[in-house]
Amino acid sequence: CSHLCINSPGSYHCDCHPGYVMEANGHHCKIRGEPLLLTSIQTDLFLLGLRSGSLDVLSSAAKKAILSVDYDWEEQRVFWVTVDTDSIRWSSLDHKTTGTLIKGIRADSVAVDWLGRNLYWIDGVNSQIVAIRLKKNTVESLAHSVILDEDLDQPRSLALLPQKGLMFWTEIGNVVKIERAGMDGSERRAVVNSSLGWPGGVAVDAIAERVYWADERLGAIGSAMLDGNDIRILQTKETLNPFSLVVFNDMMYWTDAKKRVVRSARKVSGKNGHILLKRQRQPFGVKIHLQSRNVASELKGWPEHLALQIPSVNEAAIMDYSIRDHTLYLADDGTTSLRSFKLKDVELLSRGQHLKLLGNSITAMALDWVTLNVYWSSNKQPRLQVTAMAKAYTAVLIKDGIGRIGSIALHPPSGRLCFTNLGLQDTNAVATVECANMDGAGRSVLRKEAVEPTSLSFSRNGETIYWADTGLGSIAAVRLDGSGHRELKVGDGLAAVALTDDLLFWMMVGDKTMLWYQDENGEDKLWFEVDTQVVGLKAFSKSSQTGANLCTENNGDCQHLCLATPGGRTCECDHGHVLVNATHCGPEQSCPAGSRACLDQLSCHPHEKFCNGHVDCHDHSDENWSRLLFDASGVVVKQLSGGAGLAPRTYSATPPATSISAPSEDPGLNTTLDTGRQLLNLGAAECSRRRCSDNGRCVEIDGETACVCSPSYRGDSCQDHVLKTMQGPIVYGASGLCVAMVIVIVTAVVIRRRKSASTGWVSVT
């Protein structure tokens with residue numbers, strides 16, 4: 001694995017750090033977009049495309065050599081300081097403007113906190129580390145906050161790791177060393193105080209979690225773990241004069257002011273060295289400009305919002321969200337999988353893959369927020385089916401008379417669901433909107449004249465279903481008894497609709513992406529329009545996932561799946577099992593011994609043909625499988641695998657509180673898992689919640705339990721947020737979520753032109 005190797009009993013899988021996507025081989029990660037090398041050569045700023053080799057020069061108006069650079073992806077600015085400067089200047093990446101961030105200060109090295117929206121710098125004359133909020137207007141020196149000013153001799157270079165709330169700097173005074181502290185100046189300590197000559201530049205490798213430095217006196221590039229362990233010194237004939245450096249993926253890049261070149265080489269071995277730039281004038285500062293470093297980099301023009309980066313997702317397609325668990329469920333067309341992500345402060349932490357398909361992709365998905373069952377359909381399995389995420393039970397609910405399901409909506413309190421049925425065969429209907437109970441019974445067609453219905457949403461009381469008909473350019477609504485059909489004509493370019501607290505949102509895509517809503521007076525209002533490409537829209541509020549049904553408590557006493565119905569519930573069994581009484585399941589003997597049935601029940605295959613990487617079932621269901629599930633602290637709590645319903649399954653040694661034991665042992669249980677290891681993992685998960693405030697994970701060090709804190713937390717019990725004690729005007733993070741929250745996934749969408757059209761609801765009979 002080029003980034004993360006996730007271990008599991010008897011196996012492993014690779015994962016990527018935030019901002020990167022997995023390549024098709026499943027082992028190597030790559031950045032979205034082309035990375036650009038930003039470097040200062042005397043008074044000029046250069047941008048070099050690391051893939052295309054393109055070279056661009058930014059205007060700077062600098063009169064002296066630019067020694068340090070960094071960039072702000074949100075405002076698309078490059079910040080820089082020159083020799084003997086009394087200000088921090090900036091240049092826009094579009095070549096149009098330059099300006100000054102702050103006047104009346106001394107800065108030798110600058111670093112952007114892209115997460116907290118702050119700029120840090122080193123004042124070597126006054127021996128200080130200082131920070132200021134990033135602002136568009138020029139401010140005076142009094143507006144900044146001093147982060148550190150005690151026991152600093154000659155600080156030289158600064159690097160930040162905002163994901164962990166850490167900063168690193170080099171000292172070149174009487175005692176040469178590399179120090180680190182929280183970005184609020186707390187928990188300061190020296191991490192490297194040996195094997196140093198004159199460390200002029202410092203950089204952080206977020207992937208390998210190492211700090212690197214350029215040592216001009218030793219003619220070497222050194223590195224160490226973030227805690228100072230495992231010091232490595234790389235000394236070659238190419239590293240004799242390193243001035244500034246940066247690390248990106250598997251490579252490191254540095255400037256050589258004496259030989260007037262910018263070089264690159266493998267960060268571990270120093271091999272595969274190249275000269276990227278050679279000029280007559282001297283190069284100094286260097287950074288890597290990642291055009292997709294964070295989702296928010298593409299959200300210029302949006303209203304106040306919180307932008308969250310989704311790790312390890314190639315092509316976000318369909319999403320849903322659990323308010324109770326603060327968990328985002330996301331279908332990824334690029335990896336043909338369903339993943340979940342825990343929302344923790346301003347981070348989405350991967351909880352692993354729940355469903356992985358082969359040669360197949362999910363076309364529709366919706367979350368039952370009461371049971372956390374996921375209703376879904378796919379290209380090769382065009383049925384309505386439901387999977388219990390906790391144990392990977394899967395049951396087919398509706399399979400007859402379906403062409404392709406394009407959208408699913410659930411209303412758990414009433415036990416009702418609706419779906420769009422597209423591409424019907426042997427019928428005059430282009431598409432239909434149909435509804436049923438959440439166990440698949442009571443199916444009825446609500447609308448036959450739909451063209452391209454999508455984006456289904458229930459009203460708050462569950463009595464009305466809304467959808468966007470992109471073929472007609474209208475938003476439609478009808479009561480579940482079939483009455484009261486009405487339409488709102490909005491025009492071509494309609495892409496999605498969302499509803500929360502009966503407040504209607506819709507998205508139009510044309511030359512720009514526009515988000516509209518209808519106010520309490522029934523008037524259409526444009527909220528905002530942006531150039532961002534958007535692929536999905538969901539809306540939630542505190543009251544949009546309230547209510548209960550008979551599955552709320554103890555899974556409705558059902559051993560496998562509890563499916564809500566109007567006023568009741570149905571216990572359903574996993575594929576390959578049948579009910580032995582009202583609540584419990586037993587194996588179904590429908591195939592010869594040693595074989596299992598496909599989900600479509602059309603054929604049986606030997607056990608070894610399931611999840612072997614080769615499709616054998618006509619509907620591809622033998623390759624449905626799930627990987628690792630993680631708790632909030634990142635501890636592996638379960639590995640699920642199988643096919644045709646995601647079985648066989650590995651159960652936890654201690655069943656969750658919402659499940660009940662079967663009357664007898666399930667013959668299909670996989671008993672080869674190390675039970676002691678399971679108990680240890682489950683114990684660690686409980687320990688992480690109690691001992692580490694659910695903000696880290698427990699580890700055993702010299703026989704004693706300690707906490708390894710998640711990014712953004714620290715303290716003996718991970719109880720302190722790393723940036724809550726920032727001084728002065730520095731504010732951590734993005735804006736908070738309002739009472740109503742609109743979730744938008746930003747990737748790609750087909751662009752169509754919007755034509756003008758009249759608006760207003762029209763009753764249709």
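As for the bond itself, the disulfide joining Cys-1 to Cys-14 has an S to S distance of 1.9 Å. Keep in mind that what you're looking at is a predicted model.

For anyone new to the topic, a disulfide is a covalent bond between the sulfur atoms of two cysteines. How many disulfides does a search of the whole structure find? The search finds eight. I'll talk about a few of them today.

Back to that pair for a second. Are its two ends buried or exposed? Cys-1 comes out as partly exposed, at 41% relative accessibility. Cys-14, on the other hand, is buried, because its relative accessible area is 7% and the cut-off for buried is under 20%.

Where does each partner lie? Cys-551 is in the loop between strand E49 (536–541) and strand E50 (561–565), while Cys-562 is in strand E50, so parts that are 11 residues apart in sequence get tied together. The torsion about the S-S bond here is about -85 degrees, so the disulfide of Cys-551 and Cys-562 is left-handed. And both Cys-551 and Cys-562 are buried.

Next stop, Cys-573 and Cys-585. They're joined by a disulfide too, S to S 2.0 Å. With -90 degrees about the S-S bond, the link of Cys-573 and Cys-585 is left-handed. Cys-573 lies in the loop between strand E51 (568–572) and strand E52 (577–579), and Cys-585 lies in strand E53 (residues 585–587), so the pair ties together parts that are 12 residues apart in sequence. Cys-573 and Cys-585 are both buried.

Last one, and this cysteine has no partner: Cys-5 is in no disulfide. Which cysteine sulfur is nearest to Cys-5? That would be the sulfur of Cys-1, 4.2 Å away.

Terms used. Residues numbered from 1 in each chain as written. Predicted model: local features only at pLDDT ≥ 70, side-chain atom pairs only at ≥ 80, totals over all residues. Heavy atoms only, no water. Disulfide = S-S within 2.5 Å. Buried < 20%, exposed > 50% of the residue type's maximum accessible area, 1.4 Å probe, protein only. Helix = DSSP H or I, 4+ residues; strand = E, 2+ residues; numbered from the N terminus.
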